Amino acid sequence: MITRLNFDSNLKQLKDMLMEMAHKSEHAIKESINTLINQDIEKANEIINNDTIIDELEHEINNKAIILIAKESPVARDLRKIVVALKISSEVERIADNAVNIAKSTLHIGKEKHIKEIVDIPKMMDLALDMLSDSLKAFLSEDVDLAKECAKKDDKVDEMYGTLVKELMGYIQKYPAQTNQITQLAFVCRYIERIADHSTNIAEHVIYLVTGERFDLNA
C-alpha cells in the first residue's frame, strides 16, 4: 500500500512538472505573437533566451520518468501514464521551439513597416492555442471526447494556413522590396500550423493513455 502511495505521489509530481512546462510554453507562444504584432525586439530576444528554462524542465521530466520506470517497473496503465508524460513533454518542447521561431521571425522583420496590419495570423494562433488548451485539459481529465475535438479544429487551422500563405505569396510581386518580411510572415503561419499539429499529437497520446490503442486524429 505504501509502495502504491509513493508511486502515485511521484506520478503526480511528474504530471505537475509537465503542466508547469506546458504553461510556460503556452505563455511563450502568446508573447511571441504579441512581439510580432508590436515589433518588440527586446521581448523577442527574451523569448529566445528563456527557452532554456523549458528545455531544462523537459530534461527533469525525462530523468524523473526514467527513475520511476527503473525503480517501480510499472506495467499496463501505470507504464502508459509515464510513457505518455514523456511523449507529451516532447510535444510541448517542440511547441515552445515554435514560439522561439516566431520570435526569430520578428527579429528578421525588425522595425520594417508591416505590409498590412497583423490581424489574421493572431486569429489562427488563437485557434491553435484553443487546441493546445483542450488537449492539455483532456490529458488532465483523461477525456477522450475532448481529445477528439482537436481534430476538428486542426482542419480549420490547416484551412487558414493555406489561405494566409496563398495571400502572402501574392504580395511578393506587388511588394518585391518586402520579400523578406512576406517570407517571414509565411514562416510564422507555418509555425502556428505546427503548434496545432503538436496539440493534435498530444490529444492522440491522451487517447492512447485511456484506451491503450493508437489513434490517428488526422486520418
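Helices (H or I, at least four residues) and strands (E, at least two) are taken as DSSP runs and numbered from the N terminus. The model is predicted, so local features require pLDDT of at least 70 and side-chain atom pairs pLDDT 80 or more, while totals for chains, interfaces and linings use all residues. Residues are numbered from 1 along each chain, and side-chain values use heavy atoms, without hydrogens and water.

Q: Why is α5 called roughly antiparallel to α6?
A: Axes are lines fitted to C-alpha atoms, for helices over the stretch in contact, and angles run from 0 to 180 degrees between N-to-C directions. Angles under 35 degrees count as roughly parallel, over 145 as roughly antiparallel, 65 to 115 as roughly perpendicular and the rest as oblique. The angle between α5 and α6 is about 170°, and therefore the two are roughly antiparallel.

Q: What makes F187 and Y191 a tilted aromatic pair?
A: Rings of Phe, Tyr and Trp (its six-membered ring) pair if their centres lie within 6.5 Å; planes under 30 degrees apart count as stacked, over 60 as edge-to-face and the rest as tilted. For F187 and Y191 the centres are 6.4 Å apart and the planes 35°, hence a tilted pair. Both residues lie in α6, 4 residues apart, about one turn of the helix.

Q: Why is Y191 called buried?
A: Buried means under 20% relative accessible area, exposed over 50%, and partly exposed in between (1.4 Å probe, protein chains only). Y191 has 18% relative accessibility and therefore counts as buried, whereas F187, at 40%, is partly exposed.
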